[in-house]
Amino acid sequence: MAMRVVVLGIGNILLSDEGVGVHAVEALRADYQVPAELTLIDGGTSAMELLEDLEGLDLLIILDAVRAGRAPATLIRLSGNQVPVFFRARLSPHQVGLAEVLATLDLLGNPPRETIVFGIEPVSLETRLGLTEPVAARLPELVQAVVDELGARDLAVRARSVAAVNRMSPALLA
Amino acid sequence: MANRITIDPITRIEGHLRIDCEVDGGKVTKAWASGQMWRGVEQILLGRDPRDAWAITQRICGVCTTVHAIVSVRAVENALKMEVPLNAQLIRNMIISAHAIHDHIVHFYHLSALDWVDVVSALKADPVKTAQLAESLSTWGGNGRHEMTRVKEKLVAYVKTGQLGIFTNGYWGHPAMKLSPEVNLLATAHYLQALDVQRKANKIVAILGSKTPHIQNVAVGGVANPIATDSQSVLGVERLLAIKGYIDELADFVNNVYLVDVAAIGAFYADWTKYGKGITNYLSVPDLPLDTKGTKFAVPGGYIKGGDLAGYKPITSFNDAYFRDGVKESVKHAWYKGGKGALHPYKGETIPQYTDFQDDGKYSWVKSPTFYGDTVQVGPLARVLAWAAAKYEPGLRHLNRVIGMAESIAKTKIPLDALHSTIGRHAARAVVCGSMVENLQQQWQLLVDNIAKGDVKTFNKPEFPKGEVSGFGFHEAPRGVLSHWVVIKDGAIKNYQAVVPTTWNAAPRNEQDVAGPYEAALIGTPIADPERPLEVLRTVHSFDPCLACAVHVLDTEQNELVKVRAL
């Protein structure tokens, strides 16, 4: 059976940098063509609604704001044993929901075989649409890190050409 | 000497609820329910197009999204005196039913069962005995000994990792936990199975509503579901059959697991039929309209004052004047500017006036609604009592089945009066869920039959008059009576008020200082350990509290209190 991989961006876009995961997954969707075995999900602040989408995955990549006590706007990658620690320490404000989903998948017997968390240390979580400048400036690096991770696993994620995007946009705006 | 317990927040709910109790001699003697957030959706709606109100109001919350969408279009349709095509009514009815089934399953298993079920005790259970017990109660396929062994092994492995995950912060080993290890294991197995089953109900909502949470298909005047039997891209045979498949799976689980578990847990906790009574004025409304005008309904509803079923007054149409004229809201004890007495929703005001938590003054963002001056309880129990009074057959059949099962397990007679209690609210919710599955099957059949007649109409275009019109819409939502009230001037919203189920139940004291339903229900509740007030949670959770829509922007004041961390 083909591999099943999900890149899940979570966060609340109303709380500035809290929404970095969602902004990242949307940037990935806008700028890249992804293969059939890979699904991009804007998870927003949902929890149990994600259960079915996250069942029986070979790889789950979570994009989220990560408060790990590093310098603001630091890029963070957690894998292996660090992931449960991430959830235990509740480094992200809405994590309770996702932690419950992953715990439930565990109990139901179909958790992801591997989970990796990519994130950025937030600068601000105030009520505001859009990322702070320092975090927005690092967003392309976050997206590139995910693309590299996928590429290392032979998942061909191809950048859409700028020309193609330009051709599309007038039609989309019409 | 009375002790004060403050639980803030009461969790496993949407939104932010605070409960304060005075405990004297091991019992609750005084209680306050306080909504700790402000909603503000009414202000957002002022001046907008009434055709957009449904999309905005359903964003009040991410749980009961469908209900505000549907009741909002009903209110605007009522103001315009519109008829709604039969297909649109039936499609809305199916969404209502599927949403309610989802809500009730999730509430019982995932939001309140852990008040009664000790997961840690399940580790001591004998899986073979658990299976014997389960198979003596029900024919459900997921009750066998292999399944019980599998769940127990999984639980043991899970606990060994040192993380209880979804089960952290439970009141494990609390003296008020009474179930045997085997019953605890059985309930835990069903907790996990329910996670799988609840999705089926949500799929029905998603197929018809295009999306969940937050359906996209309603419109003032009908629904935006084009119907054609020969197209894959609209509501056709294929999708209708997919829905039917999900309904059948839900029926199996609800009838053979949910209803049975509630009867069993109710029987094992029979003493909880003596606690949690509180307000016995019960209000419900009819729902699932079967005609274009909203004068015939699949399910009855009405008012019962003081628990007197003989005095039941039915509510009979979407134009019902008895309902319309009876509703008022008081802000004497809520953080709004008042002084005008209780106001009808058409005249309702939502002007914030935050004081602080004042025991005898203002202490909540929830207003206090009344029906002809009475504080009333809403929700599945109000509904089931109305069904008993109206002799609504499917409802009574499910009620008798649940009570019958509980009687045979408890080996004692259970009078109807036992329903006025904490356990009674859980039993009533299960009865409603069983009945709703049957309603969903019927609504599906009615829709298929109507389409077979060649009727594919789903929308009537609304026309907005010059000048002022007003209308109201009601809906029997999972947590009880929901109503939206709209005043429209020259095609724009002039006033809008939502009176939601949790406003009725979580109300603070009313204009006459009479306690609200949560507050009244808590009086007399025994408290074994004031540091771990599980019993308070049992009674509050039995109402299925949901605060996001009950309260009227975020309270930025961080009140420093002695807080009990509650799951």
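Guide: In this predicted model, α1(A) and α4(A) are oblique to each other, a class left for angles that are not under 35 degrees (roughly parallel), over 145 (roughly antiparallel) or 65 to 115 (roughly perpendicular). The axes of α1 (residues 20-31) and α4 (residues 133-152) of chain A cross at roughly 60° and come within 10 Å. Axes here are lines fitted to C-alpha atoms over the stretch in contact, with angles from 0 to 180 degrees between N-to-C directions; helices are DSSP runs of H or I with at least four residues, numbered from the N terminus. The crossing of α1(A) with α4(A) is right-handed, that is, the near helix is turned clockwise from the far one by less than a right angle.

On the α1(A) side, A:V20, A:H23, A:A24, A:A27 and A:L28 take part, and they meet A:V135, A:L139, A:L142, A:V143 and A:V146 of α4(A). Contact requires C-beta atoms, placed from the backbone, within 7 Å. By class, the contact has nine nonpolar residues, one polar and no charged (nonpolar: Ala, Val, Leu, Ile, Met, Phe, Trp, Tyr, Cys and Pro; charged: Asp, Glu, Lys and Arg; polar: the others, Gly among them).

Chain A also touches chain B, with twelve residues of chain A in contact with eight of chain B. The largest share of the chain A side, seven residues, comes from α3(A).

Residues are numbered from 1 along each chain as its sequence is written, and chains are lettered from A and ligands numbered from 1 in the order written. Local features need pLDDT of at least 70 and side-chain atom pairs count only at pLDDT 80 or more, while totals for chains, interfaces and linings use all residues.

How values were computed: Helices (H or I, at least four residues) and strands (E, at least two) are DSSP runs, numbered from the N terminus. Two residues are in contact if their C-beta atoms, placed from the backbone, lie within 7 Å.
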